[in-house]
Amino acid sequence: MIPNSTPHRTPGARRARRSVAALGAVAAVAAGLALTSPAAQAADPSASASGSDPASRERAFEAASTEYGVPRSVLEAVSYAQTRWDFNPGHSTSGGYGPMHLVDAGLGTRAEAKGLGDAPAPEAAPVADTLGRAAELTGLPEDALRTDELANIRGGAALLAATQKRLGLPTGEATDAGQWYAAVADASGSVQEDVAEAFADDTYSVIASGASRRTVDGKEVSLLPSAVTADTAQVDRLGLLKKPNGGPVDCPPGLDCEWIPAPYEEFGDGDYGNHDLAQRPRAPKITNIVIHDTEASYATTLKLVSDPTYVSWQYSLRSSDGHIAQHLEPQDVGWHAGNWYVNSHSIGLEHEGFAPVGAEWFSEPMYRSSARLVRYLATKYDIPLDMQHIFGHDQIPGVTPANVAGMHWDPGPYWNWEHYFQLLGAPLSAHQSGDAKDLVRILPGFEDNIQPVTSCTTAGVACRPQGTNFVYLHTEPSASAPLVNDIGRKPNGTPSTTSVSDIGARAQTGLTFAVAERRGDWTAIWFNGVKGWFLNPASDPTAVPVKGSYVVPKAGLAKAPVYGRAYPEASAYPAGIPVQALAPLQYTFAAGQRYAVGDLTVPTNYYRASTFSLDTPNDHVDVVGQDRYYQISLGHRFAYVRAADVDVVTAR
């Protein structure tokens with residue numbers, strides 16, 4: 001289905017206006033605007049969480065802070081660290097409701113509630129019934145705590161105040177926010193000390209930096225930055241467990257990680273699974289981190305990675321709380337990317353969730369755990385924090401033309417790359433250059449970038465509107481023009497579609513592209529061998545100019561071949577190791593086109609691992625070549641070009 005209207009979006013200028021509006025809401029509270037009582041809310045539904053008043057959540061935080069004696073900065077920061085102040089319909093994967101994520105322990109897992117047939121994973125810790133406890137403390141019915149904005153925030157404030165009193169610490173909304181560290185750590189719900197401390201540290205970082213956003217249900221909330229010194233020694237009062245040391249877990253402090261190994265077993269007749277042994281990062285180098293979603297519940301995910309006849313990856317992350325299971329030691333190669341070259345150089349992270357569903361599974365605790373893990377791994381292996389080195393499965397190219405159409409598209413259009421890179425400490429909005437002309441980075445925002453998407457549950461039917469991480473590309477500078485074709489997905493040349501799995505015309509947030517042309521409010525980029533147009537008005541842009549470099553075919557070449565892997569030249573292979581053929585992909589990189597460079601230091605190698613035993617001659621060998629490749633931003637997926645076929649040009 002072709003979109004027939006201009007897509008909605010949240011570009012930079014609009015984000016700035018939102019911040020002003022949210023700060024206005026703070027001023028309104030300070031001016032003494034009254035918060036509607038629960039009784040009045042019952043009589044006037046427009047004042048409840050389902051109402052349209054954008055300032056109501058600000059007033060709810062203010063009222064609950066006053067009522068229960070919790071500093072407002074603490075209350076808002078705890079909510080932000082749990083849910084980013086969102087009030088999604090229903091409950092989270094762990095049974096949590098509302099902006100304070102009050103958990104109904106009786107619900108079990110989201111998988112059970114969805115009827116997916118999986119029992120909770122056996123390693124899951126008991127869940128605290130914070131919803132029931134909040135009902136006892138406030139005297140409010142549980143249904144109100146689930147569905148009513150003020151009731152939910154009152155419940156969260158009551159829980160924090162009760163913990164503070166139990167620990168013998170001072171209360172009152174005017175108390176020093178730094179004196180609430182233990183209560184905040186307890187709000188994590190974890191019985192493990194370093195995990196609770198990590199949640200508290202995240203919360204206090206929000207207080208220090210401040211935050212401002214428009215929530216998914218249309219509320220404007222802001223927390224002004226403030227200097228605070230947290231009394232971290234308080235955490236000893238909670239009597240939490242010290243981090244266990246089981247297995248060769250490779251995680252940073254503050255993450256709830258455990259070792260659930262992927263089996264390395266031989267089946268006979270030369271067959272084995274479910275990964276390969278190696279000596280990384282010595283050989284091959286570790287240069288990338290791949291973000292996946294599981295398309296299964298956490299329990300099913302653990303069953304699959306524990307099956308020697310299946311495939312493997314390095315880490316699995318649970319949606320409900322960000323808990324992590326590690327399956328492979330860093331030196332070994334997982335089978336997760338659908339591209340052996342990428343597998344040999346990457347670490348794979350599987351996030352519990354379903355790409356066509358999105359926000360219901362991609363929880364804030366999981367985003368934060370993932371970002372903390374990726375920062376640690378990127379530092380350890382010297383991996384740049386950018387989308388050329390930390391990317392989705394949907395960005396990985398097929399290794400041959402025949403493989404392209406079958407490549408995966410997770411984590412899909414609802415993974416919030418912009419927020420994720422903020423958590424990584426490498427915001428995608430960085431490195432802008434107002435006078436740059438040749439390159440642009442796609443940056444439409446997320447929450448209100450509600451692009452038309454179909455076929456999430458039923459073929460051809462519109463998906464539930466929610467924020468997306470891309471803009472559509474058209475064949476002409478018009479929203480009514482067909483979407484561009486992806487010849488790798490549709491060899492007959494038909495336009496791409498809005499189907500949730502069709503990435504053929506999606507320019508993804510954070511990716512950099514070479515500009516092909518501009519006409520009025522529209523910008524064209526080179527994309528899979530064609531010009532793709534997207535709406536990008538100067539007054540409200542969906543992409544930002546950036547510095548960098550691009551490649552063009554060498555003078556005299558009609559076109560430059562593009563590849564799905566960077567394998568060595570034939571002369572690099574020693575006797576006994578078969579030469580791996582390089583098949584150019586079907587995309588045309590013709591003279592006159594240009595593509596942004598993502599990496600000029602791509603390893604040229606082939607890791608030979610075809611047998612079970614490390615003692616097999618000419619096996620488990622890293623073949624390194626002299627040929628050089630560059631990684632380029634070809635389309636939604638990247639690709640490789642030989643340095644001998646292209647010239648690198650510094651962009652203006």
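Trainee: Which element gives the most to the lining of the second largest pocket?

Mentor: This is a predicted model, in which local features need pLDDT of at least 70, side-chain atom pairs need 80 or more, and totals for chains, interfaces and linings use all residues. Residues are numbered from 1 along each chain as its sequence is written, and side-chain values use heavy atoms, without hydrogens or water. At least two lining residues each come from α4 (72-83), β1 (96-97), α7 (142-147), β3 (211-214) and α13 (364-381); helices (H or I, at least four residues) and strands (E, at least two) are DSSP runs numbered from the N terminus. With 3 residues, the top contributor is α13.

Trainee: Which residues are the closest to the centre of the second largest pocket?

Mentor: The second largest pocket has a volume of about 930 Å³. A pocket is an open set of points on a 1 Å grid, where a 1.4 Å probe fits, with protein on both sides within 12 Å along at least five of seven lines; lining residues have an atom within 4 Å of a point. Volume is the space filled by probe spheres set on the points. Of the 45 lining residues, the closest to the centre are D86, F87, N88, V216 and A359.

Trainee: How many residues of that lining are charged?

Mentor: Asp, Glu, Lys and Arg count as charged. The lining of the second largest pocket has 13 nonpolar and 21 polar residues, and its charged residues number 11.

Trainee: How many salt bridges does the structure hold?

Mentor: A salt bridge is a side-chain nitrogen of Lys or Arg within 4 Å of a carboxyl oxygen of Asp or Glu. Some are joined up: E58, E62, R72 and E76 are linked in a network of them. The structure's total is 33.

Trainee: Is D448 buried or exposed?

Mentor: D448 forms a salt bridge with R214, with the closest N and O atoms 2.9 Å apart. D448 lies in the loop between β15 (439-442) and β16 (470-472) and R214 in strand β3, so the pair ties together parts 234 residues apart in sequence. Buried means under 20% relative accessible area, exposed over 50%, and partly exposed in between, with a 1.4 Å probe and protein chains only. R214, at 28%, is partly exposed, whereas D448, at 18%, is buried.
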